[in-house]
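Please look over the structure below. The report then describes how its chain is put together.

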Amino acid sequence: MTDIELAYAAGIIDGEGTIGIYKHTGDKNGTKRKIPPLRIWIKVPQCDIRLPQWFKSKFGYGYVNNNGIPKIGRRYVFTWSVCGFKQCVPILEMLIPYLFLKRDRAEIALAFARQNKNIRHLPEPEKSIEIAKRETMVSRLKECNRRGLASPAETERSRAQRAMRQSEL
């Protein structure tokens, strides 16, 4: 992708997209897992299907779906979705220089991906520590994605806290 296309994609994700980490609670058999794996995802919803299709064609990953039949007076929403480390990490690494509003979320997701390891076979003390680290990163990302306008004092506090967290990474 060209720099212009990457900047455009980052702008769309900044304005309309979502970067998150979610728990995948079931497996292929439909059974619950004791320790659900956490996955990174990126989503871009749009009323015009052409933009989600553009994301899929440019990045080569993900899928485009719609939210089903809309309520009366509403439009269809088409979403480009990508999940998992193998797909999201390269995309976020390409986009991070161009992201503005969601750079902090991308950095948390990338840090999560770098430290992520299979914890099923770890001894119990290490397993508990890894689970706590993961939950902390998920909480940080949720805090970033929290809706609503912040007061100027809260915004300044958040910046200071984010700077401290980033220095820890």
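## Overall make-up

This is a predicted model. The chain holds 6 helices and 4 strands. Along the sequence they come in the pattern α-β-β-α-β-β-α-α-α-α. Of the 169 residues in the chain, 33% are buried. The accessible surface is about 10,900 Å². Carbon and sulfur atoms hold 54% of that surface. Among contacts with a separation of 6 or more, 60% link residues 24 or more positions apart.

## The sheet

The 4 strands build an open sheet. Its order is β1-β2-β4-β3, with antiparallel pairing. Strands β1 (18-23) and β3 (63-66) each have a single partner strand, so one side of each has no neighbour in the sheet. From one strand to the next, the twist averages 35°.

Strand β4 (residues 78-83) pairs with both β2 and β3. The bridge counts are set out here.

| Strand pair | Bridges | Sense |
|---|---|---|
| β2 and β4 | 6 bridges | antiparallel |
| β3 and β4 | 4 bridges | antiparallel |

Which residue of β4 is the bridge partner of N66? The partner is F78. Q46 also stands opposite F78. Strand β4 is mostly covered, with 5 of its 6 residues buried.

In general, strands of a sheet pair through backbone hydrogen bonds, either parallel or antiparallel.

## Helices on the sheet

Helix α1 (residues 3-16) lies across β1 and β2 (38-46). The helix runs at about 95° to β2.

Helix α3 (residues 85-95) has buried residues C88, V89, I91, L92 and L95.

An α-helix has 3.6 residues a turn, so residues three or four places apart point the same way. In α3, the pairs C88 and L92, and L92 and L95, are buried residues.

L92 deserves a separate look. Leaving aside neighbours within four places in sequence, L92 touches I19, I40, I42, A106, A109 and L110.

## The core

How many residues make up the largest nonpolar core? The core has 34 residues. Those with the most contacts inside it are I13, I40, F55, F59, W80, L92 and L95. Two or more residues come from each of α1, β1, β2, α2, β4, α3, α4 and α5 (124-145). Helix α4 gives the most, with 7 residues.

## Cysteines

A disulfide is a covalent bond between the sulfur atoms of two cysteines. The count for this model is 0 disulfides. C83 is in no disulfide. For C83, the nearest cysteine sulfur is that of C88, 6.6 Å away. The cut-off for a disulfide is 2.5 Å between the sulfur atoms.

How values were computed: Residues are numbered from 1 along each chain as its sequence is written. This is a predicted model: local features need pLDDT of at least 70, side-chain atom pairs count only at pLDDT 80 or more; totals for chains, interfaces and linings use all residues. Side-chain values use heavy atoms; hydrogens and water are left out. Buried means under 20% relative accessible area, exposed over 50%, partly exposed in between (1.4 Å probe, protein chains only). Contact means heavy atoms within 4.5 Å. Accessible areas come from the Shrake-Rupley method with a 1.4 Å probe; for residues, only the protein chains shown count as cover. Two strands pair if DSSP finds at least two bridges between them. Axes are lines fitted to C-alpha atoms, for helices over the stretch in contact, and angles run from 0 to 180 degrees between N-to-C directions. A nonpolar core is a set of buried Ala, Val, Leu, Ile, Met, Phe, Trp, Tyr and Cys residues joined through side-chain atoms within 4.5 Å.
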